[in-house]
Amino acid sequence: GGLHQIVATYAGSAAFAPATAATLTQEITANPTTTSLFASPNPSVYGANVILTASVSGAGGIPAGTVVIADGGMTIGTCALSSAGLCAITRSDLTAGTHGLTATYQGSGNYGSSVGALSQVVTPAPTTATIAVSANPSTDGTLVTFTVTLDASTATPAGSVTVTADGVLVDSCTPTQASANRASCTVSTAGLTPGTRLDRKS
């Protein structure tokens, strides 16, 4: 694309004098393109892989070049178009919530730039919590330790756990990774009285 200065010059002959036409500015525009962005799966679960695929088409052929994929204006990946006009990236770190994703084809050669967009919904990862105790039953005044384990299918849970007994706070703890997609933490107390019931909140 661009502007071109076109000049026509007549060399003349024995009977006619040379002549030059006024310069003509010829504008050549880049071939328009269309960019589309697709996500699989959508919606997705936090921590799971999401494949983001960009498709670019153009008048008169298949464009070449690079696509920039962004989340809310922040670049999260780039990819080079294949001979079919496709490219993809994979992300597993999209936070829970709705994401405004864009794919920007930057243009190349005779093809202009274009942008495609989609909304990606990421749902919180399902989590299960279990609690175990070092001794049950235990005697009054004995130190007991409660271990809370959090399991998720796609990522290691993070946050905080609150342990209560009959609705009264015993303590809270911050889980640390125990294994893949599993985190745990412990709370110890010697202050439980006979008949106390334990609760767990996460």
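A disulfide is a pair of cysteine sulfur atoms within 2.5 Å. I wrote that down before anything else, since a disulfide is a covalent bond between the sulfur atoms of two cysteines.

**Ground rules.** I am working with a predicted model, in which local features need pLDDT of at least 70, side-chain atom pairs count only at pLDDT 80 or more, and totals for chains, interfaces and linings use all residues. Residues are numbered from 1 along each chain as its sequence is written, and side-chain values use heavy atoms, with hydrogens and water left out.

**Entry 1: the disulfides.** How many disulfides does the structure hold? I found two. Counting bonded cysteines along the chain, I get the pattern 1-2, 3-4.

**Entry 2: C79 and C87.** I looked up this pair and found a disulfide with an S to S distance of 2.1 Å. The link of C79 and C87 is right-handed, with 40° about the S-S bond. Are these cysteines buried or exposed? I use buried for under 20% relative accessible area, exposed for over 50%, and partly exposed in between (1.4 Å probe, protein chains only). C79 has a relative accessible area of 9%, so C79 is buried. C87 also counts as buried, because its relative accessibility is 6%.

**Entry 3: C173 and C185.** In this disulfide the sulfur atoms are 2.0 Å apart. The link of C173 and C185 is right-handed too, with 40° about the S-S bond. The pair links distant parts of the chain, twelve residues apart: C173 lies in strand β16 (residues 168-173) and C185 in strand β18 (residues 182-189). For me, helices (H or I, at least four residues) and strands (E, at least two) are DSSP runs, numbered from the N terminus. Both C173 and C185 are buried.

Entry 4: I turned next to strands β8 (residues 66-71) and β9 (residues 74-80), which run antiparallel and are joined by six bridges. Two strands pair if DSSP finds at least two bridges between them. Which residue of β9 stands opposite V68? I found T78 there. The hairpin has two residues between its strands, and G72 takes a positive phi near 60°.

**Entry 5: the sheet.** In what order do the five strands of the open sheet come? I read β6-β12-β11-β8-β9, with mixed pairing. Strands β6 (44-45) and β9 stand at the edges with a single partner strand each, so one side of each is left without a neighbour in the sheet. I then checked β6 and β12 (residues 114-123), which run parallel and are joined by two bridges. There, S44 stands opposite V122 in β12.
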